[in-house]
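Please look through the structure below with this short briefing beside you.

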Amino acid sequence: MRFLAIASLFEFHWMLNTFTLIGDCIQCFGMSHWFFERRKETVVIPVGKITKMMIYNHLGAIILLAIGKIFFKPIRLFLTNLRRVLRTAKQYSNVVRFFQACCLVCIHSNERFFRYISKNLLVQMSIWGEDFKKSA
């Protein structure tokens, strides 16, 4: 019974992320359509066409991004708090300096990876129409 509750919570969080990202992607497609239009005063944004194009071409990337956000968000929060604790720790202790040398490198490399999982990915996908790998 407890496993079912945890699975339902995971599914709810995944669906919430997915619908939020779909809305963000539609908004990014609309903004890119407006940006590349010559006469900006009379632009009609075809929401139906944008939604259809997004579902056919980019829904898999959005679902992958939603799943990635679920799994990597707790790790990202833990590493952010660890970095803050390590930076505010006293510098004269050799143990603290050792952990700073080891952990801050790992935290920096993870932050570079987490840049791929961001809303900038949706903007790149909407402007250039590329897939997940090229946009990231």
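Which element gives the largest share of the nonpolar patch? That share, 3 residues, comes from helix H1, where helices are DSSP runs of H or I with at least four residues, numbered from the N terminus. This is a predicted model, in which local features need pLDDT of at least 70 and side-chain atom pairs count only at pLDDT 80 or more, while totals for chains, interfaces and linings use all residues. Residues are numbered from 1 along each chain as its sequence is written, and side-chain values use heavy atoms, with hydrogens and water left out.

**The nonpolar patch**
- On the surface, Met31, Trp34, Phe35, Phe36, Ile45 and Val47 form a nonpolar patch that has about 610 Å² of accessible area together.
- Isoleucine 45 lies in the loop between H1 and helix H2 (47–88), and it counts as partly exposed because its relative accessibility is 35%, between the limits of 20% (buried is under this) and 50% (exposed is over this), with a 1.4 Å probe and protein chains only.

**A residue in helix H1**
- Threonine 18, found in helix H1 (residues 2–35), is buried, with a relative accessible area of 6%.
- Leaving aside residues up to four places away in sequence, threonine 18 touches Ile62, Ile63 and Ala66, contact meaning heavy atoms within 4.5 Å.

**The aromatic pair**
- A search of the whole structure finds 1 aromatic pair, where pairing requires ring centres of Phe, Tyr or Trp (its six-membered ring) within 6.5 Å.
- The rings of phenylalanine 10 and phenylalanine 71 have centres 5.7 Å apart and planes at 35°, so the pair is tilted, since planes under 30 degrees apart count as stacked, over 60 as edge-to-face and the rest as tilted.
- This pair links distant parts of the chain, with phenylalanine 10 in helix H1 and phenylalanine 71 in helix H2, 61 residues apart.

How values were computed. Helices (H or I, at least four residues) and strands (E, at least two) are DSSP runs, numbered from the N terminus. Patches are made of residues with over 30% relative accessible area and no salt bridge: like charges are joined within 9 Å, nonpolar side chains (Val, Leu, Ile, Met, Phe, Trp, Tyr) within 5 Å. Accessible areas come from the Shrake-Rupley method with a 1.4 Å probe; for residues, only the protein chains shown count as cover. A salt bridge is a side-chain nitrogen of Lys or Arg within 4 Å of a carboxyl oxygen of Asp or Glu.
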